[in-house]
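These are my notebook entries on a structure that I looked up. The sequence and the coordinates are shown first, and my notes follow.

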Amino acid sequence: MLPQFRLIGDLTREERVAYFSMEIALAPAIPTYAGGLGILAGDTVRAAADLETPLVGVTLVSRAGYFHQTLDAEGRQSESPDTWDPSSSSMRLPASVAVPIDGREVWLGSWLYVVEGCTGYKQPVILLDTDMPINSPEDREITHYLYGGDANYRLKQEIVLGIGGMRMLEALGFRIRKYHMNEGHSSLLTLPLLQRFAYPPQDVHAGEIAYDIPRLRETCVFTTHTPVSSGHDQFPYDMVEHALGDSPELGIVRKLNGQNQLNLTHVALSLSEFVNGVAKRHAEVSQKLYPDYQVHAVTNGIHPGTWCHPRFAELFTAYAPGWYHESAALIRADRIPDESIWDAHYAAKLELIERVAAETGMSFKPEIPILGFARRMTAYKRPDLLFADLEKLKAIAKHYPFQLVLAGKAHPHDYQGKQLIEQLYRHMRELAPHIAIAYLPNYNMEKALALVSGVDVWLNTPLPPLEASGTSGMKAALNGIPSLSVLDGWWSEGCIEDVNGWAIGDGTSIEDSDSHSLYDKLENKVLPLYYEDRPGWIHVMKGAIGKSASFFSAHRMMRRYVVEAYLR
Ligand SMILES: *Cc1c(COP(=O)(O)O)cnc(C)c1O
């Protein structure tokens, strides 16, 4: 016990920003994330560690992970738990706290995972865990399944994350200067926070409970990630009251939001002084959704140390020293000799080709360009856009052969997403004689790195304006991989045509014009450049590093959060 207490003493000495997120991707072997939101949260914590910004991450332990995906020959997805043992990489912390759920006390303990920055700075992440013998079997599972179960289960998880997280930080002695809610899932943390900002009883008129809302708002930061209201968690008040019991604080929240549903995004909006979207365009869209609040834009970035292939890391260290800590140094990418870029890329490509062979038995050819498309399989990401006209696609491939690697999970309840995977499998079968297409099952952090470094072109075709930011294209850019993407999310800021990649459409999407534009760019720009002008191609690879990766970094993002949100 002693060393733990000493460590906690070290961690609680400094005032910290509490960063709450339903999912945080801590490491490839730890399945506490589902997709972009969790990856971003992990990259945020890692960037803060590099910059020695005192933060404490708060999330659920998700012992059963999101899920492990298997696909049968028809592309039908089945899911199994992706369990991990927190004791393998984290330390049990000596505190237990309780939260009220459905009229009982549910106890939670926690684990400490330490993220180490590039200077050795240690950043704590607290993993909340209800799997304690004192709880009923049902309650022990509240923190098991990330995004599992029904609305009731989700509400319980959000009570544990928001209210349990606050109590745990207090029990462990953390001193917090700001609460950063990464998406609305954690916004119930405002209930215990309201208690702390209650005026003393003598200052309050009879029959009223008053809170210093302006000061409370100054301590809260909210980042929204979802550009459609239907994507926000909301619960009927009777369900919330059944779960949490009635309280004056819940009354205040209800009054502020004035609705018959408890919408966690609105709770976070109404009680945060600093609110931001995750790209300029996303902030504009969110501003229209929430005209009563000022929505800032802090464009996402990726953590360079996590998403760089080792061969490119070597090159950057030689030609852009300091990149690991300040990726703006990558503007010097032009200094890197062409053949060094190509050799590093070729090595990463061969690794991917080996992986494709091991997982699917297909033999990809290194001299033929590989397009990559991997992300959450869900309708708005339009994984089928490339396949809108199979005859056209065959004709392009006949003239300029290319190969394609796909990957991605559909949420277990996303019926449409699952159908899309099956649809992709049908296209793959039909195109098999003409185009080599592989689908790698169980997309995760480790596969993502293999893909974003091993392909030649990163493809993204969301339906605007639904891609809040997107980050996989940023990861590809860091490895010299240009994007061919719809102008949405980060790419509407990042794209410089023919310099760091190519735009599909003009950002005002309709299905037809987008697929035409996609085929047009592929046939008339991307593939001819690859085959007919290798120095020109490498120039675009350098553009991806120098113009995209230098800017779309989690270090730049974290510096902005510190200056504009945390020091506010
Ligand atoms: C980066 C990443 C994502 C997010 O990708 P988008 O292109 O932003 O959707 C999702 N899943 C994994 C495993 C990732 O590494």
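This is a predicted model: local features need pLDDT of at least 70, side-chain atom pairs count only at pLDDT 80 or more; totals for chains, interfaces and linings use all residues.

Entry 1, the ligand. I looked up K381 and found one of its polar side-chain atoms 2.7 Å from an oxygen atom of the ligand. I count a polar contact as a pair of N or O atoms within 3.5 Å; within protein, one must be able to donate a hydrogen and the other to accept it, and residues adjacent in sequence count only if both atoms are side-chain atoms. For S472, I noted a polar side-chain atom 2.4 Å from an oxygen atom of the ligand. In the side chain of K475, an N or O atom is 2.6 Å from an oxygen atom of the ligand. On its own the ligand has 390 Å² of accessible area, of which the protein covers 95% (Shrake-Rupley method with a 1.4 Å probe; for residues, only the protein chains shown count as cover). Two or more residues of the shell around the ligand come from each of α2 (36-50), α16 (445-454) and α17 (472-478). Helices here are DSSP runs of H or I with at least four residues, strands are runs of E with at least two, and both are numbered from the N terminus. I counted 14 residues around the ligand, of which K381, G470, T471, S472 and K475 come nearest (a residue is near if one of its heavy atoms lies within 4 Å).

Residues are numbered from 1 along each chain as its sequence is written, and side-chain values use heavy atoms, with hydrogens and water left out.

I found 15 aromatic pairs in the structure. Rings of Phe, Tyr and Trp (its six-membered ring) pair if their centres lie within 6.5 Å; planes under 30 degrees apart count as stacked, over 60 as edge-to-face and the rest as tilted. Y66 and F67 form a tilted pair, with 4.7 Å between the centres and 50° between the planes. The rings of Y66 and Y147 are edge-to-face, because their planes stand at 85° with the centres 6.4 Å apart. This second pair joins distant parts of the chain, 81 residues apart: Y66 is in the loop between β2 (55-60) and β3 (68-71), and Y147 in the loop between α3 (137-140) and α4 (151-172). Y66 and Y147 are both buried (under 20% relative accessible area; exposed is over 50% and partly exposed in between, with a 1.4 Å probe and protein chains only). Elsewhere, I traced a cluster of W342, Y400, W502, Y530, Y531 and W537, linked by ring pairs.

The charged end of R534 sits over the ring of Y530, 4.6 Å from its centre. My criterion is NZ of Lys or CZ of Arg within 6 Å of the ring centre and within 35 degrees of the ring normal. R556 lies over the face of F551, 4.3 Å from the ring centre.

Which residues of α14 (residues 390-399) are buried? I listed L390, L393, K394, I396 and A397. They lie on the same side of α14, because they cover an arc of only 160° around the axis (taken from the directions from the helix axis to the C-beta atoms). E391, K398 and H399 are exposed on the other side of α14. At the start of α14, a side-chain oxygen of D389 comes within 3.2 Å of the backbone nitrogen of E391.
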